[in-house]
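Thanks for asking me to look this one over. My notes follow as numbered points, so please read them with the model open beside you.

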Amino acid sequence: MTYQPDRACGRPTRSGNPCKIRIPGSDVACGTHATEQDKAVAEAYRKGWNEGYEAGRESGASSSKSHIAYLKKRVKELEEQLDSARHVYEVDGCQVVQVGKYSYRWRGSDPLKVGDRVHLPENWVSKLKVGPGLTVGAVTKLGTTYRGSLSDIVGRAPAEASP
């Protein structure tokens, strides 16, 4: 839609002079001089413009959503590539696993698998949350990208009894 500044109606008044009432955008004449056809044309124009505007807005939103989804997927792929390049599965001959969001070292003879239940050593967080003593967790991931010191897993925990 091209910009149309408010303009005068211009239709002849009773005195024969042009009407000086300002009319907005798509209106053809002022309320006094507009015919039913003028009003219908202006309404159809407004309706078409609003529908076009809404369709364009929805198209833009859809395009933005798909671009955001693409970028999130790409970021995830790049993070996985970076993680795989920095991923460590062994430290000093011991297997490294994740239990929850923390990484631990396993010194046992047979390697752990994802889902294995293990006894974890007490730390200040587990002491606050669970109480003193060992806690039980399940291996969620093999290897880690963590580069700090690792605590040792105390031992395997018995498998949960099925109900």
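1. Which residues make up the largest nonpolar core? There are nine of them: V97, V99, Y104, W106, L112, V118, L120, V139 and I153. A nonpolar core here is a set of buried Ala, Val, Leu, Ile, Met, Phe, Trp, Tyr and Cys residues joined through side-chain atoms within 4.5 Å. Buried means under 20% relative accessible area, exposed means over 50%, and partly exposed lies in between (1.4 Å probe, protein chains only). Strands β4, β5 (102-106) and β6 each give two or more residues to this core. Apart from it lies another core, of six residues, including C19, I23, C30 and A34.

2. A word on the basis of all this. This is a predicted model, in which local features need pLDDT of at least 70 and side-chain atom pairs count only at pLDDT 80 or more, while totals for chains, interfaces and linings use all residues. Residues are numbered from 1 along each chain as its sequence is written, and side-chain values use heavy atoms, with hydrogens and water left out.

3. Now the overall layout. The protein chain has two helices and nine strands, in the order β-β-α-β-β-β-β-α-β-β-β from the N terminus. Helices (H or I, at least four residues) and strands (E, at least two) are DSSP runs, numbered from the N terminus.

4. The C-alpha trace spans about 105 × 35 × 30 Å along its principal axes. Of the 163 residues, 23% count as buried.

5. Next, the strand pairing around β7. Strand β7 (residues 135-142) runs antiparallel to β4 (residues 94-99), with three bridges joining the two; V97 has L142 as its bridge partner in β7. Four bridges link β7 to β6 (residues 117-120), also in the antiparallel sense, and here R117 is partnered by A138. Two strands pair if DSSP finds at least two bridges between them.

6. Two residues are worth a click in this region. Setting aside residues up to four places away in sequence, V99 touches Y104, V118, L120, G137, A138, V139 and T140, where contact means heavy atoms within 4.5 Å. T135, in strand β7, is buried because its relative accessible area is 12%. Beyond its neighbours within four places in sequence, T135 is in contact with V118, H119, L120, S126 and V130.

7. Where does A34 sit? A34 is in the loop between β2 (22-23) and α1, and it counts as buried because its relative accessible area is 17%. C9 is 25 residues from A34 in sequence, and their C-alpha atoms are 9.1 Å apart.

8. Finally, the structure holds one aromatic pair. W49 and Y53 are stacked, at 5.4 Å centre to centre with 15 degrees between the planes. Rings of Phe, Tyr and Trp (its six-membered ring) pair if their centres lie within 6.5 Å; planes under 30 degrees apart count as stacked, over 60 as edge-to-face and the rest as tilted. Both residues lie in helix α1 (residues 36-86), four residues apart, about one turn of the helix. W49 is classed as partly exposed because its relative accessibility is 38%.
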